[in-house]
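Visitor: I am new to this structure and would like to learn how to read it. Could you show me around?

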Amino acid sequence: MSFETRGAVAPDHPTTSYPGSVLRFRAPGGDPTRAHVLCLGGTETFGRFVAEPYPSGLADRLRTPVINMGVAGGGLDVVLNDPAIADACRAATAIVLQVQGAQNLSNRLYTVHPRRNDRFVSASAMLRTIYRDVDFTEFHFTRHMLDHLRTLSPDRFAIVRHELRLAWLARMKRFLSDMPVPVHLLWLSCRVPRPEDPLDDLGAEPLFITSDMLEEAAEQAASLSVVAVPNRPERPMAASMAAEAAAARILPGPDAHAEAAVALARVLEGP
């Protein structure tokens, strides 16, 4: 394994790599060929702006090693397609899968970057037909693109949101059915699951995931832990993070990660 301390994906957080993958994961790493609990997810699991993300707190509470393979900017496509993650899944005794939004995965309407799933690559003919008045070359990130589509036409956006939800459920069910070990879902957010999205904006992560969708996915999982801790703008941050304060404030903070570690340890340790 190799380590580095630089990189735009997470200020001041050292990263590590694993054979077969070009991705950078949160350090310290672990041996993915030996028995371990594997934590998968996106920016929240990686722990951007957090000194001790929940996988680290979970490792302090379990006798089994815990490996953090959360990917900053990643989505379900990374979880399903990265070779190193696939190898780690085969040796894991249990998997924790953070519930991620439906916007950062390739679908029938648009394609995302294979490693940075939050990056918009191209629109399909179907999406260009729905939004003939949009120049999709102007967008680089999925959230920016989707927020523009929502503002332009809420009625047409309902079609887009429905397609993303279908793709997310199919991808989740595929992962859960393919895993030979228990998969424990983690809802780690600044908000609780709700029946529907707000009308005035895209809302907080995970985007477009309703409480009904969460329950349907959880039917195939070993457990579901819901950790919803509201934003605390006054949360102190290192001076080096001041320029990215806005980004930090929309992510779960240290208190949420600590709560997630306790909840997951309780589930994984058993009665």
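Predicted model: local features only at pLDDT ≥ 70, side-chain atom pairs only at ≥ 80, totals over all residues.

Visitor: Good to know. In what order do the strands of the open sheet lie?

Guide: Strands of a sheet pair through backbone hydrogen bonds, either parallel or antiparallel. In this model, five strands form an open sheet in the order β5-β4-β6-β9-β10, and the pairing is parallel. Strands β5 (66-70) and β10 (223-228) stand at the edges; each has a single partner strand, so one side of each is left without a neighbour in the sheet. From one strand to the next, the twist averages 20°.

Visitor: How many bridges join β4 to β6?

Guide: Five bridges join β4 (residues 36-41) to β6 (residues 92-98), and the two strands run parallel. To find the pair on your screen, look for H36, which stands opposite A92 in β6. Helix α7 packs on the sheet, where it touches β4, β6 and β9 (183-189), and its direction makes about 140° with that of β9.

Visitor: Which residues of α7 meet α8?

Guide: Let me give the general idea before the residues. Two packed helices are described by the angle between their axes and the distance between the axes. The axes of α7 (residues 154-178) and α8 (residues 211-218) come within 10 Å and cross at roughly 20°. An angle under 35 degrees counts as roughly parallel, and α7 and α8 are therefore roughly parallel to each other. Their crossing is right-handed. From α7, the residues R165, W168, L169, M172, K173 and L176 meet M213, E216 and A217 of α8. Sorted by class, this contact of α7 with α8 has six nonpolar, no polar and three charged residues.

Visitor: And at what angle do α6 and α7 pack?

Guide: Helix α6 (residues 142-152) packs against α7 at an angle of about 140°, with the axes 6 Å apart. These two helices, α6 and α7, are therefore oblique to each other. On the α6 side you will find L146, L149, R150, T151 and L152, which meet P154, R156, F157, V160 and L164 in α7. Seven nonpolar, one polar and two charged residues make up the contact of α6 with α7.

Visitor: What should I look for in the backbone itself?

Guide: Most residues other than glycine have a negative phi, and most peptide bonds are trans. With that in mind, look at the peptide bond from A27 to P28, which is cis, with omega near 0°. You can find P28 in the loop between β3 (25-26) and β4. The peptide bond from E205 to P206 is cis as well, with omega near -5°, and P206 lies in the loop between β9 and α8.

Visitor: Where is F49 found?

Guide: Look in the loop between α1 (43-46) and α2 (54-59) for F49. Its phi is near 70°, a positive value in a residue other than glycine.

How values were computed: Residues numbered from 1 in each chain as written. Heavy atoms only, no water. Axes fitted to C-alpha atoms, helices over the stretch in contact; angles between N-to-C directions. Helix = DSSP H or I, 4+ residues; strand = E, 2+ residues; numbered from the N terminus. Parallel < 35°, antiparallel > 145°, perpendicular 65-115°, else oblique. Left-handed = near helix turned anticlockwise from the far one by under 90°. Contact = heavy atoms within 4.5 Å. Nonpolar A, V, L, I, M, F, W, Y, C, P; charged D, E, K, R; others polar. Pairing = 2+ DSSP bridges.
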